[in-house]
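Here is a short report on side-chain contacts. It covers charged pairs and then aromatic rings.

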Amino acid sequence: MPEASLPFHRAMPSMTHMALVALERAGILKFVISQNVDGLHLRSGIPRKKLAELHGDSFMEVCPSCGAEYVRDFEIETIGLKKTPRHCSNAPCRSRLRDTVLDWEDALPPKELTPAEKHCKLADLVLCLGTSLQITPACNLPLKCLRGGGKIVILNLQKTPKDKKACLVIHGFADKVIGGVMDELDMRIPPFVRIDLLQTVLTKGLSLDEKFVNWNLRVESVHGNKAPLPFVKSIEVSFSGIQNMKEVTLDKQPLNLKRRTQRNAEPFEVVLKLFFGNGCKCLSTDIKIPVDFMVSPKSFEGDQDLIFERLRDKAKKNPFCGQTALLQRKSITGPMESVVAVYAIVTNFVYFFRSAAEPAVERNMPLSSCSILKRNNEDERDSKTSVKRSKGNHDDHSDGE
């Protein structure tokens with residue numbers, strides 16, 4: 001087996017994943033049924049209500065009491081619907097969460113299977129992309145469209161047991177074929193922009209003689225102080241506007257900095273230079289944290305969807321990552337005052353090109369940060385992709401629409 005080029009938690013959606021997002025946004029694609037546990041359909045942008053993950057999601061926990069779902073940026077520690085170390089954050093609930101990945105003996109969850117069956121029965125067309133169609137009962141779902149007059153198209157490298165039921169069978173690579181479909185529809189494939197979150201916790205309190213402020217800065221996951229922060233490798237900490245504060249490097253989690261400052265010190269900034277781990281497209285980015293011991297910062301609650309959209313727009317205009325934005329900030333009073341701030345960071349950016357004729361302005365970026373699919377007449381002649389129709393389906397291309 002070849003070694004993985006990326007850690008599992010940094011796996012990125014393919015061209016086909018993002019093409020499906022475009023088709024869903026255009027109203028063409030109504031529902032996605034996945035047997036994968038990588039969570040990439042959800043991460044790519046398919047709405048949760050239009051997605052059935054039959055075998056679970058390695059990055060999702062669920063509350064067995066209230067049904068709340070939690071998508072993490074790290075792989076959940078267990079499989080088989082077992083309890084995890086975390087609890088539901090809904091105040092009246094607080095139940096222990098469970099993982100969502102099925103073990104071999106687990107039945108398909110009705111929450112995923114029921115909508116999958118419903119949409120298959122309603123479908124005009126079911127596309128089976130990159131599946132052997134051998135695992136029951138999932139392999140029988142596409143057949144449910146036939147009774148209502150729907151059709152099946154199978155795209156897979158090898159033959160499948162359901163090929164005779166399909167109106168069109170294509171033996172080839174999904175990215176190449178779906179890229180051709182998007183060409184035919186003259187639809188752009190959206191770029192993939194990954195946004196990760198982290199939070200900083202600044203805690204301060206007076207010394208016994210009340211001449212100094214003892215303060216602590218912690219950089220941690222938004223999923224809890226015991227959860228890993230997988231995309232940050234290390235942090236270089238420097239200070240702006242204050243003297244006699246030495247730079248320091250934090251390279252072991254938990255990422256924690258302790259300092260003491262005179263109580264009457266002027267406001268200053270803590271500059272965090274975040275160095276990203278394997279699988280992130282940029283090496284580092286900076287976050288500046290204002291510190292004023294005399295005045296508590298104002299609380300702030302941003303519109304996450306709007307902030308994410310602005311970050312994506314920035315990334316598209318400058319096709320590199322590292323853009324940051326403050327999502328929220330709140331002060332917690334008590335014996336030790338704390339300020340908790342949540343930041344959003346663009347850590348991956350990938351452009352997909354359905355053909356070699358894409359506008360040059362969109363292709364002005366490092367090849368390492370994009371995937372390019374070329375389709376021209378020479379490529380078509382040399383292609384090993386094969387297309388066949390089942391008996392009785394030798395009519396025009398409308399069968400495959």
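## Charged pairs

Arg48 and Glu69 form a salt bridge, with their closest N and O atoms 3.0 Å apart. This is a predicted model. Arg48 lies in the loop between α2 (40-44) and β2 (51-53), while Glu69 belongs to strand β4 (residues 69-71), so the pair ties together parts that are 21 residues apart in sequence. Arg48 has 22% relative accessibility and counts as partly exposed. Glu69 is partly exposed too, at 28%.

Salt bridges with shared partners join Arg48, Glu69, Lys111 and Glu112 into one network. A search of the whole structure finds twelve salt bridges. The table lists three of them.

| Salt bridge | N to O distance |
|---|---|
| Arg48 and Glu69 | 3.0 Å |
| Asp196 and Arg194 | 3.1 Å |
| Lys273 and Asp286 | 3.6 Å |

Are Asp196 and Arg194 buried or exposed? Both are buried.

Take Lys273 and Asp286 next. Their side chains meet in a salt bridge. Lys273 sits in strand β15 and Asp286 in strand β16 (residues 284-291), so the pair ties together parts that are 13 residues apart in sequence. The relative accessible area of Lys273 is 28%, which makes Lys273 partly exposed. Asp286 is partly exposed as well, with a value of 37%.

## Aromatic rings

A pair of aromatic rings is described by the distance of the centres and the angle of the planes. How many aromatic pairs does a search of the whole structure find? The search finds seven.

Phe349 is buried, at 1% relative accessibility. Tyr351 is also buried, with a relative accessible area of 10%.

Some rings form a cluster. Ring pairs link Trp215, Phe239, Phe268 and Phe293.

## A charge over a ring

One contact brings both themes together. The charged end of Arg43 sits over the ring of Phe59. The distance from that end to the ring centre is 5.7 Å.

Conventions: Residues numbered from 1 in each chain as written. Predicted model: local features only at pLDDT ≥ 70, side-chain atom pairs only at ≥ 80, totals over all residues. Heavy atoms only, no water. Phe/Tyr/Trp six-rings, centres within 6.5 Å; stacked < 30°, edge-to-face > 60°. Buried < 20%, exposed > 50% of the residue type's maximum accessible area, 1.4 Å probe, protein only. Lys NZ or Arg CZ within 6 Å of the ring centre and 35° of its normal. Salt bridge = Lys/Arg side-chain N within 4 Å of Asp/Glu carboxyl O. Helix = DSSP H or I, 4+ residues; strand = E, 2+ residues; numbered from the N terminus.
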